[in-house]
Amino acid sequence: MDAKKLIIRSLSGIVYVAVIVGCILWGVIPFSWMAAAFGAIAVVEFEKITRELQQRTVPALLLDIAGTVCLAFTWMLYPLLIWVFILLCRMTLELYLKSESPLANLARSMMTQLYIGLPLGLMACIGEWWSLHLVLAVFLMIWLNDTGAFLVGSAIGRHRLFERISPKKSWEGFFGGLVFNLIAATIFCIYGSGIFCISGNGNVVIDASIPIWLGLAVIVTVFATWGDLVESMIKRNLHIKDSGNIIPGHGGILDRIDSLLFVMPAVLLYICLIKAMF
């Protein structure tokens with residue numbers, strides 16, 4: 001990679017991170033709107049790579065975007081009810097599109113909204129029900145996992161993790177990302193008390209001890225890897241490299257959020273299980 005491309009990639013990455021961190025620090029409403037914006041862009045990218053956009057399919061695309069935006073506000077009741085209505089509208093719309101494959105069209109719409117919109121909504125739920133700082137910690141772990149996997153995999157990666165889907169991923173890289181996250185989890189627990197806490201309505205509801213944080217690190221690493229592999233599987237099936245080019249040097253939004261689409265639901269379930277146990 002030449003110097004110019006490296007600079008562009010670095011600057012766009014900084015802007016992307018700054019937007020996420022800024023919205024997290026701003027509050028749950030701005031953060032949810034950010035998630036909705038990411039989801040809307042990702043839906044358009046997914047539509048473009050899975051089928052050719054045509055004038056007759058625009059109404060379906062708009063409904064998919066609307067459904068995804070509503071799901072980004074899953075922590076609120078009315079957007080969730082509106083989403084149910086949008087689903088009914090989407091199925092009804094298929095009656096008038098006169099498509100030769102209505103079932104495939106509906107399946108694509110359902111997958112788009114559930115694959116992209118629901119995890120983004122659950123991410124906002126974590127921020128509203130517990131702590132946006134916890135969401136920030138999860139984002140940091142996702143980024144550290146990518147960094148550790150790349151550095152270790154590039155240096156000593158020999159054994160392929162999932163060669164059929166992603167020939168460059170290695171087991172060494174996977175464990176490199178895991179080690180980075182285990183270290184980060186330990187730091188968050190020891191030095192981030194009161195900041196990276198698992199709390200609700202101002203009260204700590206989970207005793208976030210080191211074992212719990214280490215468990216979170218494992219969850220993030222495993223599901224981030226699966227999320228990346230699933231998107232790689234989709235792109236490989238469609239014979240494309242990137243979902244888009246909205247982020248210079250990084251590809252599309254869907255390329256950037258593929259890991260968190262798997263991580264956030266898993267983290268929410270993990271927190272609920274820990275809370276139920278303690």
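**Aromatic rings**

I began with the rings of Trp171, Phe174 and Phe175, which ring pairs link into a cluster. I am working from a predicted model. I then searched the whole structure and got 10 aromatic pairs. One of them joins tryptophan 129 to tryptophan 130, edge-to-face, at 6.1 Å centre to centre and 75 degrees between the planes. I checked how open each partner is. Tryptophan 129 is partly exposed, because its relative accessibility is 42%. Tryptophan 130 has a relative accessible area of 10%, so I noted it as buried.

Next I looked at phenylalanine 139 and tryptophan 143. This aromatic pair is tilted, with 5.5 Å centre to centre and 45 degrees between the planes. Why might these two be separated by about one helical turn? They are 4 residues apart in helix H6 (residues 132-156). An α-helix has 3.6 residues a turn, so residues three or four places apart point the same way. I also noted that both phenylalanine 139 and tryptophan 143 are buried.

**Arginine 236**

I moved to arginine 236, in helix H8 (residues 210-238). I logged this arginine as partly exposed, because its relative accessible area is 42%. Which residues does arginine 236 contact, leaving aside neighbours within four places in sequence? I found Arg164, Ile165 and Pro167. Arginine 164 is 72 residues away from arginine 236 along the chain, yet their C-alpha atoms are separated by 9.6 Å. For isoleucine 165 I have an atom-level distance. Its backbone oxygen lies 2.9 Å from a polar atom of the arginine 236 side chain.

**Helix H3**

I checked the length of helix H3 (residues 58-71). Its 14 residues should span 20 Å at 1.5 Å a residue, and the end C-alpha atoms are 20 Å apart, so the two values agree. Then I listed the buried positions in H3: Ala60, Leu61, Asp64, Ile65, Gly67, Thr68, Cys70 and Leu71. What covers the buried residues of H3? The cover includes helix H2 (28-50), helix H4 (77-97) and helix H5 (102-129).

**Helix H7 and asparagine 181**

H7 has 21 residues and reaches 30 Å from first C-alpha to last, close to the expected 30 Å. Buried residues in H7 include Glu172, Gly173, Phe174, Leu178, Asn181, Phe188 and Cys189. I note that Phe174 also belongs to the ring cluster I started with. The cover over the buried residues of H7 includes H6, strand S1 (160-162), S2 and H8.

Is asparagine 181 buried or exposed? I logged it as buried, because its relative accessibility is 0%. Not counting residues up to four places away in sequence, asparagine 181 touches Met141, Leu144, Asn145, Ala217, Val220 and Thr221.

**Largest pocket**

Last, I looked up the largest pocket. About 2000 Å³ of space lies in it. I counted 46 lining residues, and Arg9, Asp146, Phe150, Asp228 and Arg256 lie nearest the centre. Which element gives the largest share of the lining? H6 does, with 10 residues. Helix H1 (3-26), H6, strand S2 (166-170), H7, H8 and helix H9 (253-277) each supply at least two lining residues.

Terms used:
Residues numbered from 1 in each chain as written. Predicted model: local features only at pLDDT ≥ 70, side-chain atom pairs only at ≥ 80, totals over all residues. Heavy atoms only, no water. Phe/Tyr/Trp six-rings, centres within 6.5 Å; stacked < 30°, edge-to-face > 60°. Buried < 20%, exposed > 50% of the residue type's maximum accessible area, 1.4 Å probe, protein only. Contact = heavy atoms within 4.5 Å. Polar contact = N/O pair within 3.5 Å; in protein donor to acceptor, adjacent residues only side chain to side chain. Expected span 1.5 Å × (residues − 1). 1 Å grid on protein atoms, 1.4 Å probe; cavity = no way out; pocket = protein on both sides within 12 Å on 5 of 7 lines; lining within 4 Å. Points joined across faces, edges and corners; volume = space filled by probe spheres on them.
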